[in-house]
Amino acid sequence: MNPSLSIIIPNLHSPLIAEVVHAAEHQTVPACEIIVIGQDRHSLTPPPARFIRTERPLSAAAARNLGARHASGDYLLFLDADCIAAPDLVERLLARHIEGRDVIGGGVVVEPSGYWTDCDNLLIFAPFLAESLAGPRDELPSLNLSISHELFAALNGFDERFAGAAGEDTDFCLRLRAAGHQLFFAPEARIAHRPSRSTAHAVWSHLRAYGRAYYRIQRDHPALVWSPLARLPRPLAGAVLAASPVLALADAIALMRRHPAVARRPWALPGIAWAKIGWYWGAVEAALNDRITIR
């Protein structure tokens with residue numbers, strides 16, 4: 001018998017949810033079910049998706065965990081509500097699972113969507129662009145993540161202490177690696193990511209949230225992730241923030257050198273550096289708040 005796959009989509013009033021469900025439904029190999037969890041003020045979620053409405057907004061982690069508890073498939077595909085699946089996404093993922101891969105992240109297609117949206121996508125998903133090579137990865141993003149249902153349950157899913165949608169997938173991947181599981185990147189299993197972040201402020205704020213989450217991750221997983229920010233003396237916080245433009249530019253240049261797909265878009269360098277400044281601000285804020293809390 002062929003393995004079955006459930007598609008789980010956390011939703012918080014996404015204007016694209018109808019298009020996301022339509023693409024998830026029209027697959028060369030169909031999923032056994034499509035489950036949408038959260039809130040939909042515009043009532044855009046179409047059948048055949050099963051919509052689990054929540055009374056309050058849930059974090060991405062909590063919504064995915066709730067969807068997994070209602071799912072029946074052998075595998076769970078976590079798909080974000082701003083991701084349009086390629087027609088063969090399920091077929092490609094199941095082929096990799098049949099090969100013996102328990103945890104698979106698919107490729108991200110960056111469509112021209114405006115300068116700031118493109119910079120945000122390139123920075124966050126540089127190692128996972130559909131133009132990249134297949135192979136093991138240290139982590140995988142959760143916008144296009146397929147995993148054995150049994151394994152997901154064994155790890156108790158995503159950590160719901162992560163608010164919003166930042167850091168919970170990195171934490172989950174680190175726990176998978178600590179338990180001895182390999183993470184595999186399959187670029188041919190593609191989605192087009194169409195986030196709503198279209199301004200400099202929105203992108204900066206997004207990376208600021210990632211910086212805060214990163215501080216917590218390296219604090220909780222010191223054996224796998226290390227950063228000098230974990231031991232940041234309070235008097236040096238201002239110096240780090242003052243230096244953040246230089247640090248961010250260096251990070252952006254290094255990102256382009258590591259990832260040819262990003263290097264082919266040199267116009268993105270200023271936007272990526274700007275976003276990384278937000279990351280440093282978030283990480284420093286988290287470090288200082290943590291020290292205040294501890295004291």
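Predicted model: local features only at pLDDT ≥ 70, side-chain atom pairs only at ≥ 80, totals over all residues.
Residues are numbered from 1 along each chain as its sequence is written, and side-chain values use heavy atoms, with hydrogens and water left out.

I begin with the overall fold. The chain contains 10 helices and 9 strands; these are DSSP runs numbered from the N terminus, with helices being H or I of at least four residues and strands E of at least two. Its radius of gyration is 19 Å, close to the 19 Å that the globule rule gives for 295 residues, so the chain is as compact as a globular protein of that length. That radius is taken over C-alpha atoms, and the rule is 2.2 Å times the number of residues to the power 0.38. The C-alpha trace spans about 60 × 45 × 40 Å along its principal axes.

Of the 295 residues, 54% are buried. Here buried means under 20% relative accessible area, exposed means over 50%, and partly exposed lies in between, with a 1.4 Å probe and protein chains only. Among contacts (heavy atoms within 4.5 Å) with a separation of 6 or more, 77% involve residues 24 or more positions apart.

I now turn to the aromatic residues. The structure holds 12 aromatic pairs. Rings of Phe, Tyr and Trp (its six-membered ring) pair if their centres lie within 6.5 Å; planes under 30 degrees apart count as stacked, over 60 as edge-to-face, and the rest as tilted.

One of these pairs is edge-to-face: phenylalanine 78 and phenylalanine 158, at 5.5 Å centre to centre with 80° between the planes. Phenylalanine 78 lies in strand 4 (residues 75-79) and phenylalanine 158 in the loop between helix 5 (149-154) and helix 6 (168-178), so the pair ties together parts that are 80 residues apart in sequence. Phenylalanine 78 is buried at 0% relative accessible area, and phenylalanine 158 is buried at 3%.

A tilted pair is formed by tyrosine 115 and tryptophan 267, with 6.0 Å centre to centre and 55° between the planes. Tyrosine 115 belongs to helix 4 (residues 115-125) and tryptophan 267 to the loop between helix 9 (260-263) and helix 10 (269-294), so this pair ties together parts that are 152 residues apart in sequence. Tyrosine 115 is partly exposed at 33% relative accessibility, and tryptophan 267 is partly exposed at 41%.

Ring pairs also link Phe78, Phe152, Phe158 and Phe172 into a cluster. Phe172 is one of the buried residues of helix 6. In that helix, 8 of the 11 residues are buried, so helix 6 is largely enclosed by the rest of the structure. Its cover includes helix 2 (60-70), strand 6 (103-109) and strand 9 (183-193).

Finally, the backbone. Proline 47 and proline 48 are joined by a cis peptide bond, with omega of about 10°; proline 48 sits in the loop between strand 2 (33-39) and strand 3 (50-53). Histidine 13, although not a glycine, has a positive phi of about 65°, and this histidine 13 is buried at 16% relative accessible area. Asparagine 156, also not a glycine, has a positive phi of about 60°; asparagine 156 is exposed at 66%.
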